[in-house]
Amino acid sequence: TKDIRIINPHLYSGEMSAQNMVFEPLVINTAGDIKPWLASSWEILDEGKTYIFHLRDDVKFTDGTKFNAYIVKQNIDAILENRSRHAWLELVNQISKSEVVDEFTYKLSLKNPY
């Protein structure tokens, strides 16, 4: 119904509803039931302070680039580099470390359980 402007999710200058039609999450929430999406599975350790995502190995971007843990880390790092812009998301304030375990395993460490 209106111009969506730039849809870069790191800028919040567009419309989130349009972003949701273009970008995909690691997991999806359907009526409170968390299901795999770009992550095929995950582990929650340390009483909710460590999340290890096992990523799908069959996902490619439209240009043929393979989706992997390095891409996930790059996106999380972009958020952390501009933390103040994303601070309205409480999870952003809880992130202490973003790590690639291997090509298809990503680890997110938090300050507190979330």
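The accessible surface of the protein chain comes to about 7,600 Å². Carbon and sulfur atoms hold 54% of that surface. The model is predicted. Of its 114 residues, 28% count as buried.

**Fold and overall form**
- The protein chain has four helices and six strands.
- From the N terminus on, the elements follow the order α-β-β-β-β-α-α-α-β-β.
- The radius of gyration is 15 Å, close to the 13 Å that the globule rule gives for 114 residues, so the chain is as compact as a globular protein of that length.
- Along the principal axes, the C-alpha atoms fill a box of roughly 45 × 35 × 30 Å.

**Contacts along the chain**
- Take the contacts with a separation of 6 or more: 39% of them come from residues 24 or more positions apart.

**Charges**
- The protein chain carries 13 positive and 16 negative charges.

**Aromatic pairs**
- A search of the whole structure finds two aromatic pairs.
- One of them joins Tyr-51 and Phe-53, and this pair is stacked.
- A pair of aromatic rings is described by the distance of the centres and the angle of the planes.
- For Tyr-51 and Phe-53, the distance is 6.3 Å centre to centre, with 15° between the planes.
- The pair counts as stacked because planes under 30 degrees apart are classed that way, and the angle here is 15°.
- Tyr-51 is buried, and Phe-53 is buried too.

How values were computed. Residues are numbered from 1 along each chain as its sequence is written. This is a predicted model: local features need pLDDT of at least 70, side-chain atom pairs count only at pLDDT 80 or more; totals for chains, interfaces and linings use all residues. Side-chain values use heavy atoms; hydrogens and water are left out. Helices (H or I, at least four residues) and strands (E, at least two) are DSSP runs, numbered from the N terminus. The radius of gyration is taken over C-alpha atoms; the globule rule is 2.2 Å times the number of residues to the power 0.38. Buried means under 20% relative accessible area, exposed over 50%, partly exposed in between (1.4 Å probe, protein chains only). Contact means heavy atoms within 4.5 Å. Accessible areas come from the Shrake-Rupley method with a 1.4 Å probe; for residues, only the protein chains shown count as cover. Lys and Arg count as positive and Asp and Glu as negative; His and the chain ends are not counted. The place of a charge is taken as NZ of Lys, CZ of Arg, CG of Asp or CD of Glu. Rings of Phe, Tyr and Trp (its six-membered ring) pair if their centres lie within 6.5 Å; planes under 30 degrees apart count as stacked, over 60 as edge-to-face and the rest as tilted.
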